[in-house]
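Please open the structure in your viewer and keep the selection tool at hand. The stops below are meant to be taken in order.

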Amino acid sequence: MIRFLSILVGLFFSVTLLWSFGNGAVTAMSEGQLRPATAETEFHKHPKHLSLASDGAFGRFDRQQLQRGFQVYQEVCAACHALKHVAFRDLEQLGYNEDEVKAIAAKAQTPVYNAATGEVATRPGLPTDRFPPVAYAGLGVPPDLSLMAKARHDGAAYTYSLLTGYQNQPAELLKQFPDAKTPEGLHYNPYFANLNLAMPAPITSEGQVTYSDGTKATVDQMSKDVSAFLVWTAEPKLDKRKQTGWPVLGFLLFASVLAYLAYRNIWAGKKH
Amino acid sequence: MSFPWANEYKPGNPFTQWMDSRLPLPRLVYNAVGAGYPVPRNLSYMWNFGVLAGFFLVLQIVTGIVLAMHYAANAGVAFDSVEHIMRDVNWGWLMRYAHANGASAFFVVVYIHIFRGFFYGSYKAPREMIWLLGVVIFLLMMATAFMGYVLPWGQMSYWGAQVITGLFGAIPLVGEPLQQWLLGGFAPGNAALNRFFSLHYLLPFVIAAVVILHIWALHIPGSSNPTGVEVKSESDTVPFHPYYTAKDGFGLAVVLLIYCAVLFFAPNMLGHPDNYIPANPMQTPAHIVPEWYFWPFYAILRAFTQNFLFFPAKLLGVLAMFSAILVWFFLPWLDRSPVRSGHFRPLFRKFFWFGLIPAMAVLFYCGGAPAEEPYVMLSQIASLYYFAHFLIIIPIVSSIERPEPLPFSITEAVLGSDDNSVLAPSAVPAEKSDAMRPAH
């Protein structure tokens with residue numbers, strides 16, 4: 001009885017699935033394609049390759065590069081984008097000393113609510129503060145950048161590609177998809193999911209930032225540096241994690257060998 | 001319970017003697033996972049995964065309790081409190097990554113444990129109750145994992161909660177009020193986050209309780225084994241300790257090695273980037289996908305794209321998704337073959353390796369892919385096979401198949417001969433002599 005019922009239920013699901021499958025197949029055949037082509041499916045690009053010092057199991061942050069990236073963030077990105085999960089004290093990890101961190105923090109105006117007057121005033125930041133919120137008057141909401149490197153697939157390569165990927169809309173795209181013209185006020189970038197984003201190219205000219213370590217500030221270099229910096233803001237414990245990982249794996253490898261020998265020893269003479 | 005030749009616990013010193021006559025806890029452990037539990041001597045590494053699942057349950061509870069000390073279940077601050085754990089709590093990043101990847105590892109070992117059961121017929125008499133309790137554990141794990149994924153209150157958390165509770169909205173008549181009751185509101189919000197946290201903390205202990213029942217039920221008939229032939233004599237078994245504590249110890253070390261490699265060097269590999277974006281009710285992610293361990297069932301849900309008769313497509317998908325696991329409850333009675341192990345079932349074995357496994361692989365892949373062609377059509381074919389396998393093929397195969405001859409005993413399978421076999425009525429073919437209660 002139960003097997004009879006089970007076959008009936010099985011047939012029910014089989015028939016309904018075949019019905020869904022058949023409908024999908026008919027649609028695909030009548031349209032001559034499996035999925036309709038759109039400007040996004042045809043012109044969206046995967047991020048370019050980017051290699052950073054922090055890549056791989058042995059990779060460590062390049063502090064010099066992180067400092068340069070921090071400079072780009074401060075002089076370019078910080079106009080619109082906040083970094084709310086990062087505290088000024090964290091900057092010591094980039095190689096700044098205590099006084100330098102105090103000086104960086106002091107330049108930031110941190111909002112404080114005065115309960116007596118009911119007003120919000122500002123005071124100079126302290127190393128214990130996090131990066132203050134950034135007011136943005138324009139359209140759209142510039143996202144917080146703290147976690148950007150982990151919030152996109154292949155995050156560092158994505159930011160790097162986005163920053164260096166602005167271009168004019170290809171004529172081919174407009175020919176194939178005349179409706180997909182970049183709307184007024186948006187900017188074409190093939191690395192952005194829907195090809196058009198509100199942010200204009202932020203890094204546009206060589207020397208936009210003057211690096212104190214003498215590195216030539218090309219658009220490519222600045223984009224790389226700030227992408228590296230955002231890897232750090234997203235995962236400040238990355239170095240510590242990898243440093244911890246190796247001894248752990250070493251111990252487990254040793255433990256596996258011991259456990260294997262114990263197993264062989266105990267089972268010796270016992271066929272199994 | 002257990003076999004007559006099982007070692008008996010003998011308290012060795014005055015303290016354990018004192019304990020044994022008052023609270024025989026050491027005796028319980030000795031009989032459950034010690035030298036007092038005789039286990040088939042021929043267990044392969046496939047029999048390691050129950051112990052591993054137990055290990056990861058404990059790991060999840062321990063790391064989870066530590067995380068709960070620092071996490072705040074409030075929609076306004078949940079996301080930031082997770083980042084606080086990652087950045088400011090000492091070793092907080094380790095606890096969180098261990099917990100997130102621990103969930104994945106738990107599902108990996110449990111999936112292997114379940115599919116071991118499928119292949120070796122571990123669900124058959126007299127072990128039906130172990131199997132049923134196992135399916136209950138799996139359902140509880142899915143509920144726990146789903147609610148845990150909501151807690152960081154990222155985009156996937158939020159929209160996952162929306163989609164999964166929305167499934168209940170597909171139920172006719174009561175669907176919408178039911179969904180609102182589950183969420184405590186019209187959309188996921190603080191009420192939902194709080195109750196999910198409460199239940200996410202509760203359910204692991206319920207799982208632990210069902211695990212105890214699962215192990216209790218296991219100790220009645222004892223462990224199955226790769227031949228599927230029941231234990232006949234002492235030479236078929238070895239004491240669990242030290243034999244399997246040693247073998248499982250090696251397995252555990254190897255699995256921990258893999259787990260830690262992921263945990264320390266690719267901790268976000270199995271997660272979704274969108275969950276590092278704070279929950280935003282105003283912006284739907286381009287592709288809403290659950291965690292990887294739900295993918296096969298998510299693929300089945302999305303395979304139903306057309307209304308059929310008076311069934312809306314969404315309701316069919318929801319019915320099918322839940323049925324996909326519920327059919328496991330009936331498996332002991334759908335598979336009527338008296339032979340357990342797939343090693344001796346030529347037809348069943350073919351359907352397992354060339355049917356069920358590829359279908360599951362396709363469902364895994366398509367569940368994580370966007371809901372577009374060709375993934376939808378592929379998941380339709382794979383879902384069809386999945387249901388046909390359990391509901392049609394297994395009942396039919398088990399009644400028409402001619403199993404291969406079974407060894408007389410585990411000892412014979414291992415050593416090539418068994419002195420006891422000459423005492424047995426040799427005129428009876430091996431498979432008959434081992435006939436167990438037929439599964440009716």
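Select helices α12(B) and α14(B): α12(B) passes α14(B) in a left-handed crossing. This is a predicted model. In chain B, α12 covers residues 313–334 and α14 covers residues 375–400; their axes come within 10 Å and cross at roughly 20°. Angles under 35 degrees count as roughly parallel, so α12(B) and α14(B) are roughly parallel to each other.

Now show side chains at this contact. From α12(B), pick Ala320(B), Ala324(B), Val327(B), Leu331(B) and Leu334(B). From α14(B), pick Ser383(B), Tyr386(B), Phe390(B), Leu391(B), Ile394(B) and Pro395(B). Coloured by class, the residues of this contact are 10 nonpolar and one polar, with no charged residue.

Next, bring chain A into view and select the contact between the chains, which takes 52 residues from chain B and 50 residues from chain A. On the chain B side, α4 (78–87), α10 (240–265), α12, α14 and α15 (410–415) each supply at least two residues. Which helix gives the most to the side of chain B that touches chain A? Select α10(B), which gives 14 residues. By class, this side of chain B has 38 nonpolar, seven polar and seven charged residues.

Finally, select the whole of chain B. Its secondary structure comes to 16 helices and two strands. The radius of gyration of chain B is 24 Å, close to the 22 Å that the globule rule gives for 440 residues, so chain B is as compact as a globular protein of that length. The C-alpha trace of chain B spans about 75 × 65 × 40 Å along its principal axes. Of its 440 residues, 48% count as buried.

Methods: Residues numbered from 1 in each chain as written. Chains lettered and ligands numbered in written order. Predicted model: local features only at pLDDT ≥ 70, side-chain atom pairs only at ≥ 80, totals over all residues. Axes fitted to C-alpha atoms, helices over the stretch in contact; angles between N-to-C directions. Helix = DSSP H or I, 4+ residues; strand = E, 2+ residues; numbered from the N terminus. Parallel < 35°, antiparallel > 145°, perpendicular 65-115°, else oblique. Left-handed = near helix turned anticlockwise from the far one by under 90°. Contact = placed C-beta atoms within 7 Å. Nonpolar A, V, L, I, M, F, W, Y, C, P; charged D, E, K, R; others polar. Rg over C-alpha atoms; globule rule 2.2 N^0.38 Å. Buried ≥ 20, exposed ≤ 12 C-beta atoms within 10 Å, placed from the backbone.
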